[in-house]
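Visitor: I am new to this structure and would like to learn how to read its features one at a time. Could you take me through them?

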Amino acid sequence: SRPPSHNIVPTSLILCATYHSEGHSGQYYTLPPTHIQKLFPYGLPPRFQLQIKTFNEGCVMVRPPALELISYLKRADYSKPPLRYVLYGDIGTGKTMSLCHALHYCYSQGWLIVHVPDAHLWVKNCKELLPSSSRPSRFDQPIQASQWLKNFKITNERFLSKLKTTQRYVWTKRESTEKGQPLGELIDQGVNRMKSSSDVVGAVLRELRLQAGGATEGEGAFKLAVAVDGVNALWGKTSLKKEDRTMCEPEELTLIHNLRKMMKNNWSGGAILTALSQTGSVFKPRSAYLPSELLGEEGFDNMEPFVPVSVSNYNEKEFESCYLYYLDRNWLQHPHSRSEEGKKELIFLSNKNPSILERLCAFL
Amino acid sequence: MVPQLPLRQIYVASSLWKKNLAAAGPQKFTQEFIDKQVEEFEVGKRHLANMMGEDPETFTQEDIDRSIAYLFPSGLFEKRARPVMKHPEEIFPKQTAIQWDAEGRPFHFLFYTGKQSYYSLLHDVYEKILYMRLIQLMELLLSMPYCSLEEEFILKFRKQLEVQSSKYEIPALQYDPQGVAFSVADGRRKSAKASITLRDSGSGNITINGRNYLHYFPVLQNREQLMFPLLFVGMMGRFDIEGSVEGSGHSAQAGALRLAISRALLSFVSEGEVEKMRQAGLLTADPRIRERKKPGQEGARKKFTWKKR
């Protein structure tokens, strides 16, 4: 309906993110609204969600880190254990956005998505911490677990009826899920019964791991994409306290424990995409951004070997593109911002950092 | 015999005895008094010269000030409260000469207007122009041909404004081994000290205390402060800045850096620009300092709770 701008890739290329290449670096492409609803109910950064609401469309800039990730995904061998990709960089440079871009590529290729939008949310500010029903030394987080299961259901609807459980799971004396039941039932069990939802999450992850590399062809074949944002939360400290007022370790939380198992590369048929994050992290200094600093020793040993992908501020071309995009959408209302001088001021004040530029333009 | 009239003591209120000090006006010194003071001053000056071992003939006012400061050292902050020995002309206030003669008749014909000099000036100018239009017509006068004939008259009412920008010392422009020009400058604000090196042919990178300015100053206001001198002069992407700053808080550090940048820019900029920068307030050091806490009060201005009873 709107005439395409010179730096937004025309509609024919939107659907297939496979066609994104280095030539498109710096240009914007639109995420189809249906995809946004399904894939990213809570995955995108909050400010970007606001922007989608304002502009009535979600436009993502194609940038080298995301292109690098996608090219690795295209060339990887999926019969071998999954490769771990870690996006790292300074605050506000676009790690989460690159992760979402790569995830959108996976989704459009028909993969099964396991997306943890922010692992830090599982490690702090938990209202209800129940002792686990299955194991005595662990703690459950029913609210977070059921929320995640709901999101998982929305994203991967078409797989729910196809996949079947491989063993019998007993939740309580009266409830159990038999072998051979569709995955959808397992998830419903977790959503309806909050008490055992964390265990259900563990069961779901285990099933996916077992079945991902299983059948290479035929109906049950699928590739698994595990995307975790803020992966340094898994090995850091929590800000949760047990009943006797001692600090909780990450291993003692069921969700974290199961997610750590996912991070190991003892399965096949997929890829693990992760991004570090300092902004939500607990007890980490603001200047830390390298993997070794944020993951800590334990995390680094667990994640090794991984493919690091560094994300940095905009370069000249990307900044130009972002500036033109805002101008095009009439986001920069102030008349001075349209001039050369105004552009130089924006470059100086934001130092071409994407998030700072966005916040700056928000009140111009 | 004189009849003795009854004597009655008249009691008058004591307030009538006291002199009404306010009505007397400023203290009046007679001319003889002042002459006597002048004599005493001269004599005292010679004594002082002898005491200090100097020659009484060539003893100047500066020497007097020096000797008094030496003989009577004072730790008082108020300079006017310290012991002073000056010529009586400077100490005693000058009296306006009496403006009327012995019979009470004023000398000036316009005395009773109240503003005798003003009206007399009007009278002078009235031949040429009315005062209400004085300035306008002065300029009209100037714009007319042959105004140089009246130049002396006009200059009486004109004051020369000094251009003060020449008083700033511009930091010297030094050159790198590679031939790149750079200058070094300092700045201070409220106990924060900053020192920067401004290098030419850069790309607008700014490093402060080894960290990028985006990390060092997360607040937008401080980055705007850094940007202002460069924006004003119009040389935004041209320089690389490397700075170190310490002390005080983040706003004061930003202010100190701004002053340092403006001073360093002086060596890259022309004379007219220097004047413009001065007028924009970029080169003035902010004199505001934290006010002292006073005894009897909570803080510098805040008082203790006021109780009526």
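**Reading strands, helices and surfaces**

Guide: Let us start with one pair of residues: Leu198(B) stands opposite Ile241(B), which belongs to strand β6(B). Please keep in mind that this is a predicted model, in which local features need pLDDT of at least 70 and side-chain atom pairs count only at pLDDT 80 or more, whereas totals for chains, interfaces and linings use all residues. Residues are numbered from 1 along each chain as its sequence is written, chains are lettered from A and ligands numbered from 1 in the order in which they are written, and side-chain values use heavy atoms, with hydrogens and water left out.

Visitor: Which strands pair with β6(B), and in which sense, parallel or antiparallel?

Guide: In general, strands of a sheet pair through backbone hydrogen bonds, either parallel or antiparallel. Strands (E, at least two residues) and helices (H or I, at least four residues) are DSSP runs numbered from the N terminus, and two strands count as paired if DSSP finds at least two bridges between them. Here, strand β3 (residues 192-199) of chain B pairs with β6(B) in the antiparallel sense over seven bridges, while strand β4 (residues 206-208) of chain B pairs with β6(B) in the parallel sense over three bridges.

Visitor: In chain A, what is the order of the strands in the open sheet of five?

Guide: The order is β4-β9-β10-β3-β11 in chain A, with parallel pairing. The edge strands, each pairing on one side only, are β4 (112-116) and β11 (307-311) of chain A. Within the sheet, strand β9 (residues 224-229) and strand β10 (residues 270-275) of chain A run parallel and are joined by six bridges, and Ala225(A) stands opposite Ala271(A) of β10(A).

Visitor: Which helix of chain A lies across this sheet?

Guide: Angles run from 0 to 180 degrees between N-to-C directions, and axes are lines fitted to C-alpha atoms, for helices over the stretch in contact, where contact means heavy atoms within 4.5 Å. Helix α4 (residues 95-108) of chain A lies across β3 (84-89), β4, β9, β10 and β11 of chain A, and runs at about 160 degrees to β10(A).

Visitor: Where does Ile70(A) lie, and is it buried or exposed?

Guide: Ile70(A) lies in helix α3 (residues 64-75) of chain A, and it counts as buried because its relative accessibility is 1%. Leaving aside neighbours within four places in sequence, Ile70(A) is in contact with His101(A), Ala102(A) and Tyr105(A).

Visitor: Which residues other than glycine have a positive phi, and is each buried or exposed?

Guide: One of them is Asn56(A), whose phi is about 65 degrees; Asn56(A) is in the loop between α2 (46-55) and β2 (58-61) of chain A and, at 72% relative accessibility, counts as exposed. Another is Lys352(A), with phi near 60 degrees; Lys352(A) is in the loop between α12 (340-350) and α13 (354-362) of chain A and is buried, with a relative accessible area of 18%.

Conventions
Buried < 20%, exposed > 50% of the residue type's maximum accessible area, 1.4 Å probe, protein only.
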